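Biologist: I'd like to learn how to read a structure like this one. Could you walk me through it?

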Amino acid sequence: LSKKRILIVDDDPDMRRGLGARLKVNGYETAFAVDGVSAVTMALKEKPDLILLDLGLPGGNGFAVMESLQNLAPLVGVPVIVISAHEPATHEEKASRAGAQAYFQKPVDIDRLLSAIASTIEGGPPA
Amino acid sequence: MAYEHSILFHEARHHAELLETRVRERTAELQRTYEDLEKSRREQLEMKDQFLGHVSHELRAPLAAAHLFVRNLLDGVSGPLTSEQAADMDVVLKNVDQLRGMIGDLLEATRSDSAALQIAPHEVDVTPLITDAVSFFQLRADTIELTHDVPRDLPGVYADPQRVRQILNNLIDNALKFTPPGGRVSVRARQVEPERAFVRVEVADTGRGVSQEGKQLVFERMYQDRPTDDRPRGGLGLGLFICRLLVERHGGQIWVESEPGRGSTFFFTLPVMRTNTAGAQHRDE
């Protein structure tokens, strides 16, 4: 059984490293992107099972990334979970309308995030 | 004579018209000034909210990385920790969490737009909210005995579960903060009058109590009871203020009873959800 692959999109190198290490230990494969443009190209290249997406990104914010994802046939149906330092009160609904499955405010509750990832990716938690 | 009267009459009318025009012009001018002021007031509030949102975002970003790495270390992502290292990391985590709470409180208590203190109420069972909060805090209660007592037949309330959790966390956290080692904190819930239409939740501690003055002011913004040396390092004084606003938004009440030296009990009420809504709708049709 191949491992599920998660694309982590965040311009903060610490967040990429911390989330990457955590997801690897939890049995996922990881790929990374640092801005809006590379998010889309990496998604096309890596065909992830899920994308963890920051909203405030250089080169096109997370909303622009979600719009691109929805317009690209190879990426239709790839679930997105937003992880952002923005207030849910001002950004969660907009993210949901743009296609995000869930919204986590930074700092994230890692246990809740891991269970949301497991339940979003078909087949539940990795073996 | 008649001719003179006629001139006077015309002059008077001319002055009256002049006066009316002037009044109209000044009124319009005042209206414009008022609208300009109102516009600039709205713009200033908008700028303040934008600024607050920006500050909160920028403070949260580095905190997020710190929080994530501490959790990774504690959960053994980078290998096992000794028990001493784990205990030290717990201290870091507790402080990071406190900082996170303070940023959230600061934003909620100061912003003025529609996003401030929103609630999304629906039928909620408060029992699991209480048991979850108590189990969460039991992990950090150390030598303080933390218990809860909720009857099985407690009715559902019309509330926002996130906000109820926020209120409970705030009250329990406060109670633990002000209770000395070996003390007790208990959380109870009961259905109460008037007309058994409210659920009352209480958080009681055996701490030093709230002063007479404090009982009136403790729910005000930035008030801190007895800011003396024996006060634990204690936040911004916004927690109970936010609790009050949230409880009031739900249509409930919040208050404290206390005897200095013998502890305090904080109470809040939430309205019970109507169970016969479907029937009422039928009657209306």
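Biologist: Is D142(B) buried or exposed?

Modeller: Buried means under 20% relative accessible area, exposed over 50%, and partly exposed in between, with a 1.4 Å probe and protein chains only. D142(B) has a relative accessible area of 73%, so D142(B) is exposed. This is a predicted model, where local features need pLDDT of at least 70, side-chain atom pairs count only at pLDDT 80 or more, and totals for chains, interfaces and linings use all residues. Residues are numbered from 1 along each chain as its sequence is written, chains are lettered from A and ligands numbered from 1 in the order in which they are written, and side-chain values use heavy atoms, leaving out hydrogens and water.

Biologist: Where does D142(B) lie?

Modeller: In the loop between α3 and β2 of chain B. Helices (H or I, at least four residues) and strands (E, at least two) are DSSP runs, numbered from the N terminus.

Biologist: And what about the backbone there?

Modeller: Most residues other than glycine have a negative phi, and most peptide bonds are trans. D142(B) is not a glycine, yet its phi is positive, about 50 degrees. K47(A), also not a glycine, has a positive phi of about 45 degrees. K47(A) sits in the loop between α2 (36-46) and β3 of chain A, and counts as exposed because its relative accessible area is 52%.

Biologist: Which residues does a cis peptide bond join?

Modeller: K106(A) and P107(A), with omega about -5 degrees. P107(A) is in the loop between β5 and α5 (110-120) of chain A.

Biologist: Back to chain B: which residues does I144(B) touch?

Modeller: Contact means heavy atoms within 4.5 Å. Not counting residues up to four places away in sequence, I144(B) touches L176(B), T179(B), P180(B), P181(B), G182(B), G183(B), R184(B) and V185(B). I144(B) is in the loop between α3 (126-138) and β2 (145-149) of chain B, and its 12% relative accessibility makes it buried.

Biologist: How do I read a sheet?

Modeller: Strands of a sheet pair through backbone hydrogen bonds, either parallel or antiparallel. Here, two strands pair if DSSP finds at least two bridges between them. In chain A, five strands form an open sheet with parallel pairing, in the order β2-β1-β3-β4-β5. β2 (29-33) and β5 (102-105) of chain A are at the edges with a single partner strand each, so one side of each has no neighbour in the sheet.

Biologist: Over how many bridges do β3 and β4 of chain A pair?

Modeller: Three, in the parallel sense, between residues 50-53 of β3 and residues 80-84 of β4 in chain A. L52(A) stands opposite I81(A) in β4(A).
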